[in-house]
Amino acid sequence: TIAGDWTVDYLLTPDGKFKVKMYSRSSVNQLQSSLNTQTAAITTGASFIYTQNFNQFKDLLRSAREKRRKELEKNPSLKDIDETKGSN
């Protein structure tokens, strides 16, 4: 193609937790190229990427609800803040 192979990563959030990746690649079929033909397939696509940082593997598997419950157990005053937001 005229543009060649390209990849674009676009951050949806400033911290990079959510991003979109768009790409276009030309891939040569090895079987057809051995027959001296100039056939190349162009693959284009997009993907939505979510990145999560963790220190231990179990942290990755723990649900957000469980994390929030533990935060509330450690600091009960956060519950009052949640209730105030819910009443608006």
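Colleague: Hi! What sits over the ring of Tyr23?

Modeller: Hi! In this predicted model, the charged end of Arg25 sits there, 4.4 Å from the centre of the Tyr23 ring.

Colleague: Nice. And where is the place of Tyr23 in the chain?

Modeller: Tyr23 belongs to strand β2, which covers residues 18-28.

Colleague: Which residues does Tyr23 touch, leaving out those up to four places away in sequence?

Modeller: Tyr23 touches Trp6, Thr7, Thr43, Thr44, Gly45 and Ala46. Take Trp6 as an example: Tyr23 and Trp6 are 17 residues apart in sequence, yet their C-alpha atoms are 5.6 Å apart in space.

Colleague: What about Ser24, where is that found?

Modeller: Ser24 is in strand β2 as well. If we again skip residues up to four places away in sequence, Ser24 touches Gly4, Asp5, Trp6, Ile42, Thr43 and Thr44.

Colleague: Is Ser24 buried or exposed?

Modeller: Ser24 counts as buried, because its relative accessibility is 7% and the cut-off for buried is under 20%.

Colleague: How much of the chain do buried residues make up?

Modeller: They make up 3% of the 88 residues in the chain.

Colleague: Let me step back to the overall layout. How many helices and strands does the chain have?

Modeller: The chain has 4 helices and 3 strands. Reading from the N terminus, the order of elements is β-β-α-β-α-α-α.

Colleague: And of the contacts between residues at least 6 apart in sequence, how many join residues at least 24 apart?

Modeller: That share is 27%.

Colleague: Changing topic: how many aromatic pairs does a search of the whole structure find?

Modeller: The search finds 2 aromatic pairs. In one of them, the ring centres of Phe18 and Tyr50 are 5.0 Å apart, and the planes are at 45°, so the pair is tilted. This pair links distant parts of the chain, with Phe18 in strand β2 and Tyr50 in strand β3 (residues 40-50), 32 residues apart.

Colleague: Why is 45° called tilted?

Modeller: Planes under 30 degrees apart count as stacked and those over 60 as edge-to-face, so the rest are tilted. The 45° of Phe18 and Tyr50 makes this a tilted pair.

Colleague: How do Phe18 and Tyr50 count for accessibility?

Modeller: Phe18 counts as partly exposed, at 29% relative accessibility. Tyr50 is partly exposed too, with a relative accessible area of 44%.

Colleague: Which residues form the aromatic cluster?

Modeller: Phe18, Phe48 and Tyr50 form one cluster together.

Colleague: On to the surface. Which residues form the nonpolar patch there?

Modeller: The patch is formed by Trp6, Val8, Tyr10, Leu12, Met22, Phe48 and Tyr50, and together they have about 710 Å² of accessible area. The elements giving two or more residues to the patch are β1 (6-11) and β3.

Colleague: Which element gives the largest share?

Modeller: Strand β1 does, with 3 residues. Tyr10 has its place in that strand.

Colleague: Is Tyr10 buried or exposed?

Modeller: Tyr10 counts as exposed, at 53% relative accessibility. The reason is that exposed means over 50%.

Colleague: Last topic, salt bridges. How many does the count come to?

Modeller: The count comes to 2 salt bridges. Glu66 and Lys70 make one of them, with an N to O distance of 3.8 Å.

Colleague: Where are Glu66 and Lys70 placed in helix α3?

Modeller: Helix α3 covers residues 64-74, and because Glu66 and Lys70 are 4 residues apart in it, about one helical turn separates them. Both count as partly exposed: Glu66 at 29% relative accessibility and Lys70 at 33%.

Colleague: Which residue forms a salt bridge with Glu73?

Modeller: Arg69 does, and the closest N and O atoms are 2.8 Å apart. Glu73 and Arg69 both lie in helix α3, 4 residues apart, which is about one turn of the helix.

Colleague: What are the relative accessible areas of Glu73 and Arg69?

Modeller: Glu73 is exposed, at 54%, whereas Arg69 is partly exposed, at 43%.

Colleague: Great, thanks!

Methods
Residues numbered from 1 in each chain as written. Predicted model: local features only at pLDDT ≥ 70, side-chain atom pairs only at ≥ 80, totals over all residues. Heavy atoms only, no water. Salt bridge = Lys/Arg side-chain N within 4 Å of Asp/Glu carboxyl O. Buried < 20%, exposed > 50% of the residue type's maximum accessible area, 1.4 Å probe, protein only. Contact = heavy atoms within 4.5 Å. Phe/Tyr/Trp six-rings, centres within 6.5 Å; stacked < 30°, edge-to-face > 60°. Lys NZ or Arg CZ within 6 Å of the ring centre and 35° of its normal. Patch = residues over 30% accessible without salt bridge, like charges linked within 9 Å, V, L, I, M, F, W, Y side chains within 5 Å. Areas by Shrake-Rupley, 256 points an atom, 1.4 Å probe, with all protein chains shown as cover.
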